[in-house]
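Here's a quick walk through a few local features. Have the sequence and the 3D view open while you read.

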Amino acid sequence: MAELTKNPTVLQWLGEKLDLVQPDRVVWIDGSQAQLEALRQEACASGELHKLSETLLPGCYLHRTATNDVARVEHRTFICTPTKELAGPTNNWMAPEEAYALLSGIAKGSYKGRTAYVIPYSMGPVGSPFSKAGVELTDSIYVVLNMAIMTRVGKAVFDALGDSDDWVRGLHCRCNIEEENRYICQFPQDNTIISVNSGYGGNVLLGKKCFALRIASYQGWREQWMAEHMLILGIEKPDGDVKYICAAFPSACGKTNLAMLIPPESYRKKGYKVWCVGDDISWIRKGADGRLYAINPENGFFGVAPGTNAKSNPNALESTKKGTIFTNVVLNNADNTVWWEGLDKNPPADAIDWKGNAWNGKTSEEKGAQPNSRFTAPAVNCPCISSEFENPQGVPISAFVFGGRRAKLAPLIYQARDWNHGVFVGSVMASETTAAAAGAVGVVRRDPMAMLPFCGYNMAEYWQHWIDMGASLAPEKAPKIFNVNWFRKDDDGNFLWPGFGDNLRVLDWILDRCEGKADASDSAIGYLPKAEDINLEGIESEVSPAALRSMLDVDAALWQAEAEGIAEFYDKFEGKVPAEMQASLADLKAKLA
Ligand code: GTP
Ligand code: SPV
Ligand code: MN
C-alpha cells in the first residue's frame, strides 16, 4: 500500500520498527470513512468488535478486553530519561538503553501473522499553533478505530507535518497481553513511546496519556507551555458573556461530569449555559494579550461508563448514542444495546457481562460492567460542545480549579491567595484512588495537580515550571486558582454535597471572585466563601445551612496532621521543591499553630 508521506524521519523510523515487529501486511490509515468502515467490518468478523443495534445505537460497537487488562498500569509505566533524577521520585524509571533492549526483545516478531497499521494523528486541530503530530504503529484495529475518534487521523496530518522531525513516535504491540511483560514506556528525550502487552485504552491509545500528558508535559517544560490533566468548560452568563475554567481532578473524579454539566433549574431560568471544550486534557500557552489560552488536544471522550445516566450526565449519555465504541460494558441481548451499573434501575435479565459470560442483572450478585468500563464518543456528538472546540487559538482561562475525592478535610471550595500559593494548593492535592488504574481503590494518596501518573519528568521541576509560568504573567492576567471537593462525607458516609449540575453553584462563586464581585473570609488554608454567597436556591431542603457550614469547615487538628504529611511528601524531592512552595507550607503551619 502506498506510503502517505515522504517525511524521511517518519519513513526511517517506520522502516526500523517494521523490520523489528515483522508484520504480514502494512496498512496506512488515511482517515477516510471507507477505510474505517472496512476495518469495522473486519473487526466484527473476527469478533474483536460486536455491532450494536443500528436503529437504537447507530454506528456503535462493543469491545471486551482481556480480563487481566482493564485499566492503566501505573506500576508498569516508566519514564526512560538518561538519569533517574530527571524522572524524579514519583515516577518509575528505567535507563533508556535498558528499556529499548528489553522492549525490542518483547516486540521482535510480535506482528507475525498480523497487520501493521500506521496511524498519523494530530493532537489539537490540524494546523493550530498548539498542535503536535504523532504516528502510532499498532497491530490492533480497536486502537485504530479508537484513535480515529479520540484524535484527528489521516493524510492531512502528514501534509501539515511536511518534512519536520517534530512528531511523536509510538509503537504499540499487543503481543499476548501478558501482565508480567506489560510495559508502558515514555522516552521524553526521543519523543518516543513504546507500549507492549496491553489492549486497554490509556495504555494503548498513545495520543492520550502517553503523548498528550507524559511526553507533552516534558515538551511544555522545554518550550514554555503546559500540558495538564484538566477539563475545559465555558460558562455563559445571561448577558452572553462566556468565561472559561480549567479543572484538574484525578482519574474518575468528575472531569467529564463537570465539563458537560447541566445548570440547576434556577440557573437555567436565568439564562446560564455551560459549554464543553474538553473533558480530560488541556494544552495551555500564553497568548499575545498576556493571558493563558487552552486547547483540548483530543477529538473525543474516553469516558467512565458506570454512573453515567440521564440525570447525572445527560450530555455524556447523549454523546454515546451514535458512532461510539463501548469497552467492557454489559450487552443487553433483548435489544442489542448496552448497559452499565448506574445507567438505570432496570438491569437486563438476558445479558452478557463484560467478561463475555451470560449474566442476569435481576439476580446476579456480580457487577455486569467493569468498574472502569468506558465509552469512546466523538466530541461533536456532545449537545453542549463549545463553538470554540476547534478554535486553533484556544480559549482564555479565567480560573484553574484543583480537586479530589476526600471524605474529610478538604472543604467544598477555597481560593488560593495568589498564583504561587495556588501552585502549593495544587501540589498538595490528595485523593482516594479509583478503578481507573489497576490496584487498590479508595486509598488516599498524594496526586499533585492530578498529574501523579502523567508527569513525564521530575515533579519538582514541573512545580518550578508552574511557578515560572506564573512569574511570566502580569498578576491581573493570571488565572485565579481554587480547590474544590465534591466528595466530602458526613459521619454516616453520605456525600454532603449533591454534586453534578449543582457544582455550578460553586463555579458561580469562582467567577464572582474572578470578577471581584464576591467577598471571602481568610483562613489558614486560603480564602473561604461566606456561607451566604453559595447560592442554594432550589436545594435548600437538601443542603441545610449547618451542612454547608460543615462543608466549609477547616479543622485545624486535621490540617496540622495534613501539613506533616505534606512535609514528608516534599522531603522525597531532596531539596528540589521550589522555595515558594516551602514558604507556603511554613505559612500554613504558622497559621494553624
Ligand atoms: P478520567 O476519565 O478517568 O480522567 O475521569 P473523570 O475525572 O472524567 O471522571 P468522571 O467525570 O467520569 O467521574 C467519575 C465518577 O465520579 C463517576 O462515578 C461519577 O458518577 C462520579 N462523580 C462525578 N461528579 C461527581 C459529583 O459531583 N459528585 C459525586 N458524588 N460524584 C461525582
Ligand atoms: C484516566 O485514567 O485518567 C483516563 C482514562 O482518562 S485512561 O485513558 O485510561 O488513562
Ligand atoms: Mn483522565
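## Helix α7 and V204

V204 belongs to helix α7, which covers residues 201-204. This is a predicted model, so keep that in mind throughout.

## The manganese site

Next up is the metal. Ligand 3 is a manganese ion, and K209 (NZ), H229 (NE2) and D280 (OD) coordinate the ion at 2.2 to 2.3 Å. Read along the chain, these donors follow the pattern K-x19-H-x50-D. K209 and D280 link distant parts of the chain, being 71 residues apart. K209 is in helix α8 (residues 207-223), while D280 is in the loop between β15 (273-278) and β16 (282-286). Both K209 and D280 are buried.

What about the geometry of the site? The manganese ion (ligand 3) has six donor atoms, and the angles among them run from 69 to 173 degrees, which makes the site irregular.

## Aromatic pairs

Searching the whole structure turns up 28 aromatic pairs. Take W463 and F573: their ring centres are 4.9 Å apart and the planes meet at 55 degrees, so the pair counts as tilted. This pair, too, links distant parts of the chain, with 110 residues separating the two. W463 sits in helix α13 (residues 459-471), and F573 sits in the loop between α16 (556-571) and α17 (579-592).

Are these two residues buried or exposed? The cut-off for buried is under 20% relative accessible area. W463 comes in at 0% and is therefore buried, and F573, at 3%, is buried as well. Both residues also take part in a cluster, in which ring pairs link F424, W463, F569, Y570 and F573.

## Charges over rings

K51 has its charged end over the ring of Y61, 5.1 Å from the ring centre. R222 lies over the face of W221, at 3.9 Å from the centre of that ring.

## Helix α17

Does the length of α17 agree or disagree with what its residue count predicts? At 1.5 Å a residue, its 14 residues should span 20 Å, and the end C-alpha atoms are 20 Å apart, so the two agree.

The buried residues of α17 include M581, S584, L585, L588 and L592. Looking down the axis of α17, the buried residues fall within an arc of 100 degrees, so they line one face of the helix. A579 and A590 are exposed, on the other side of α17.

## Positive phi angles

Most residues other than glycine have a negative phi.

C175 has a positive phi, near 50 degrees, without being a glycine. C175 is in the loop between β9 (167-173) and β10 (183-187), and with a relative accessible area of 10% this residue is buried. N328 is not a glycine either, yet its phi is positive at about 65 degrees. The loop between β19 (325-327) and β20 (330-332) holds N328, which is buried with a relative accessible area of 1%.

Note on methods: Residues are numbered from 1 along each chain as its sequence is written. Chains are lettered from A and ligands numbered from 1 in the order in which they are written. This is a predicted model: local features need pLDDT of at least 70, side-chain atom pairs count only at pLDDT 80 or more; totals for chains, interfaces and linings use all residues. Side-chain values use heavy atoms; hydrogens and water are left out. Donors are N, O and S atoms within 2.8 Å of the metal (3.2 Å for Na, K and Ca); water is not among the atoms, so sites may look incomplete. Four donors count as tetrahedral if all angles lie between 85 and 135 degrees; four count as square planar and six as octahedral if opposite donors are over 155 degrees apart and all others between 65 and 115; anything else is irregular. Helices (H or I, at least four residues) and strands (E, at least two) are DSSP runs, numbered from the N terminus. Buried means under 20% relative accessible area, exposed over 50%, partly exposed in between (1.4 Å probe, protein chains only). Rings of Phe, Tyr and Trp (its six-membered ring) pair if their centres lie within 6.5 Å; planes under 30 degrees apart count as stacked, over 60 as edge-to-face and the rest as tilted. A charge sits over a ring if NZ of Lys or CZ of Arg is within 6 Å of the ring centre and within 35 degrees of the ring normal. The expected span of a helix is 1.5 Å times one less than its number of residues. The arc is that of the directions from the helix axis to the C-beta atoms.
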